Amino acid sequence: MYIPEHFAMTDADEVFAFVSANAFGQLISQVDGRLFSSHIPFLVSDDRKHLLAHVARANPQWRNLEGQEVLATFQGPHDYVSPSWYQTPGLPPTWNYQAAHIYGRCRLIEDPEQLKSIIDRLTDQYESSFEQPWVPDYKSSMLRGIIGLELTITDLQAKYKLSQNRSDEDRSGVIEQLEARGAEALASAMQKT
């Protein structure tokens with residue numbers, strides 16, 4: 001990913017928090033000589049050295065993943081930024097956004113207990129906000145329908161393009177316009193950066 005210095009996010013704690021908050025990402029790899037992407041939820045391991053996920057066994061992507069370096073991408077809030085929002089005119093339109101790319105070597109997981117652990121963690125994470133969370137009750141045949149993935153992280157990249165290269169007045173104008181458009185999450189990210 002092209003990351004100019006003023007947009008680079010190098011704080012690993014912040015990047016992993018961002019990935020966890022925007023965990024529905026893309027797994028990008030080579031399948032039969034072509035790029036292939038699956039949109040799936042990821043988990044960050046407790047030691048932050050791995051990403052965990054799973055794909056359906058019917059998905060052809062898993063057949064080529066063992067040992068392959070893959071890319072997982074994550075996107076946060078984003079929106080168009082008009083030059084008319086700046087105090088200083090004359091710049092082209094742009095887009096503000098947050099994104100993270102994680103490269104890693106993939107290992108396939110077929111062990112039922114390890115698969116169950118991944119599904120249990122995903123379920124706990126996303127069911128915890130429900131008044132009556134669903135409690136997993138797996139049959140072994142259900143777990144045979146998926147393949148677990150463990151990506152050993154080899155490179156962590158993040159870009160927060162949030163008008164850091166603009167004056168305080170321009171940034172305030174962009175935040176104000178984004179809030180007016182209903183892009184509160186992006187405006188909030190700009191205020192924190």
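Read from the N terminus, the elements of the protein chain follow the order α-β-β-β-β-β-β-α-α-β-α-α, which amounts to five helices and seven strands; helices (H or I, at least four residues) and strands (E, at least two) are DSSP runs, numbered from the N terminus. The model is a predicted one, in which local features need pLDDT of at least 70 and side-chain atom pairs count only at pLDDT 80 or more, whereas totals for chains, interfaces and linings use all residues. Residues are numbered from 1 along each chain as its sequence is written, and side-chain values use heavy atoms, with hydrogens and water left out.

Along its principal axes, the C-alpha trace of the protein chain spans about 60 × 45 × 30 Å. Of its 193 residues, 44% are buried, a term that means under 20% relative accessible area, with exposed set at over 50% and partly exposed in between (1.4 Å probe, protein chains only). Where contacts (heavy atoms within 4.5 Å) in the protein chain link residues at least 6 apart in sequence, 73% of them join residues at least 24 apart.

Helix α4 has 14 residues and reaches 20 Å from its first C-alpha to its last, close to the 20 Å expected at 1.5 Å a residue, where the expected span is 1.5 Å times one less than the number of residues. The buried residues of α4 are D170, R171, G173, V174, I175 and L178, and what covers them includes β5 (69-81), β6 (94-109) and α5 (184-192). After α4 comes G182, with a positive phi near 90°.

The loop between β7 (146-161) and α4 (168-181) holds S163, which counts as buried because its relative accessibility is 2%. Leaving aside neighbours within four places in sequence, S163 is in contact with F7, N96, R171, V174 and M190. With N96 the link is also polar, since the side chains of S163 and N96 make a polar contact of 2.9 Å, that is, a pair of N or O atoms within 3.5 Å in which, within protein, one must be able to donate a hydrogen and the other to accept it, and residues adjacent in sequence count only if both atoms are side-chain atoms.

In strand β5 lies D79, which counts as buried at 12% relative accessibility. Not counting residues up to four places away in sequence, D79 touches W95, N96, L178, R181, A183 and L186, and a polar contact of 2.9 Å joins the side chains of D79 and R181.
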